[in-house]
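Let's take a walk through this model together, moving from a helix pair to the charged contacts. Please keep the sequence and the 3D view open as you read.

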Amino acid sequence: MKARTVRRPALAVTMDAPPPLRGYWSRSWCRLLQNRLAVIGLIVIAILVVMAVFAPLVAPHDPAQQDLYDTFAAPSLEHPAGTDNLGRDWFSRIVYGARISLIVGLAAQVLVLIVGLPIGLIAGLKGRFVDSALMRFTDLAYAFPDLLLIILLRSAVGGGLLQLVLIIGFVSWMDTARLVRGQVLTLREREFVTAARSLGASDAQIMTRHLLPNLTGPVIVMLALGIPRAVFIEAALSFIGLGVSIGTPSWGAMVQEGYGAILAFPHLVLAPSIAIALLLLAFTFIGDGLRDALDPTTDTTKSKPLPLAETPSRPDQMSNQNELPRAA
């Protein structure tokens, strides 16, 4: 008797190609674009930046041009936001006012970064007496009410836009310093910092090469959320007459100018108020989106396990594949 063997069909192994490796910033950017509110905020900020940069081209009229024959005009095609008591085009002043708000918000956060980041780094890394001294100074500065201190300094110092930015930045760096210190206290106990110290790295090298790259995400989120705060402070100061100089287009000053005629001509208050609200909401949405995007724990992408083999779906297929050699 001759025995013949039945060959079992080869098992097909299907493997998905591994996804291309992406860096931290690339993954963060993709996660940010998946946040709809953050994307809306980016679009609004982009529109406001274009308006501010190309204000002479966007504004239909000169913001300082007066027309006493056309005062308190209602919104129309010629004047999209109407005119004020001096006949100035309200929409043109809103366009130029975007420059003031963006300059104050961004410049104040640059000053916050310059002051708060070094204080937090030194306090967290040095510890002991240096940490205690810097944090007590920070607590002392934090104890004063922000808006009250700004009003006092503005009344005492005066000046123009530069002095206003310096004052806002001077009273806003404490939160950044506390955040950086807390992050450094955690990072300095990590293995890579200990290894750097054992290799003879100085404190300056540890700060620049090991701590600062790990602080970038939280600091960016803090600065993004601090911009609307600076913009609101500038608008509040301009509303009470302590902001930019008289005659300069500013959204807060425009609200104050139209407040006297709010019952008869509400559009004079609504237009700059809507602009302020849009700017604040846009930066808030971006800050929230950055907080989620820059946090590695929020990455929901999961790697799929590679299948080992195709398994038969029916019992008869299993019996056929496991068939042993049989006699002819």
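A residue counts as buried when its relative accessible area is under 20%, as exposed when that area is over 50%, and as partly exposed in between, using a 1.4 Å probe and protein chains only. This is a predicted model, in which local features need pLDDT of at least 70 and side-chain atom pairs count only at pLDDT 80 or more, while totals for chains, interfaces and linings use all residues. Residues are numbered from 1 along each chain as its sequence is written, and side-chain values use heavy atoms, with hydrogens and water left out.

Let's begin at alanine 275, which lies in helix 12, residues 267–293 (helices are DSSP runs of H or I with at least four residues, numbered from the N terminus). Its relative accessible area is 12%, so alanine 275 is buried. Leaving aside residues up to four places away in sequence, alanine 275 touches Ile94 and Trp251, where contact means heavy atoms within 4.5 Å. Valine 95 is 180 residues from alanine 275 in sequence, yet their C-alpha atoms are 9.5 Å apart.

Now follow helix 12 to its neighbour. Helix 11 (residues 251–259) packs against helix 12 at an angle of about 155°, with the axes 8 Å apart; axes are lines fitted to C-alpha atoms over the stretch in contact, and angles run from 0 to 180 degrees between N-to-C directions. Helix 11 is therefore roughly antiparallel to helix 12, a label for angles over 145 degrees. Helix 11 contributes Trp251, Gly252, Met254, Val255, Gly258 and Tyr259 to the contact, and among the residues from helix 12 are Pro272, Ala275 and Leu279.

Next come the charged pairs. A salt bridge here is a side-chain nitrogen of Lys or Arg within 4 Å of a carboxyl oxygen of Asp or Glu, and by this rule the count comes to 8. Aspartate 131 forms one with arginine 181, their closest N and O atoms being 2.7 Å apart. This pair links distant parts of the chain, 50 residues apart: aspartate 131 sits in helix 5 (residues 128–143) and arginine 181 in helix 8 (residues 174–187). Is aspartate 131 buried or exposed? At 10% relative accessibility, aspartate 131 counts as buried, whereas arginine 181, at 23%, is partly exposed.

Back in helix 12, arginine 291 and aspartate 288 lie 3 residues apart, about one turn of the helix. Their side chains meet in a salt bridge at 3.1 Å, N to O.

How values were computed
Helices (H or I, at least four residues) and strands (E, at least two) are DSSP runs, numbered from the N terminus. Angles under 35 degrees count as roughly parallel, over 145 as roughly antiparallel, 65 to 115 as roughly perpendicular and the rest as oblique.
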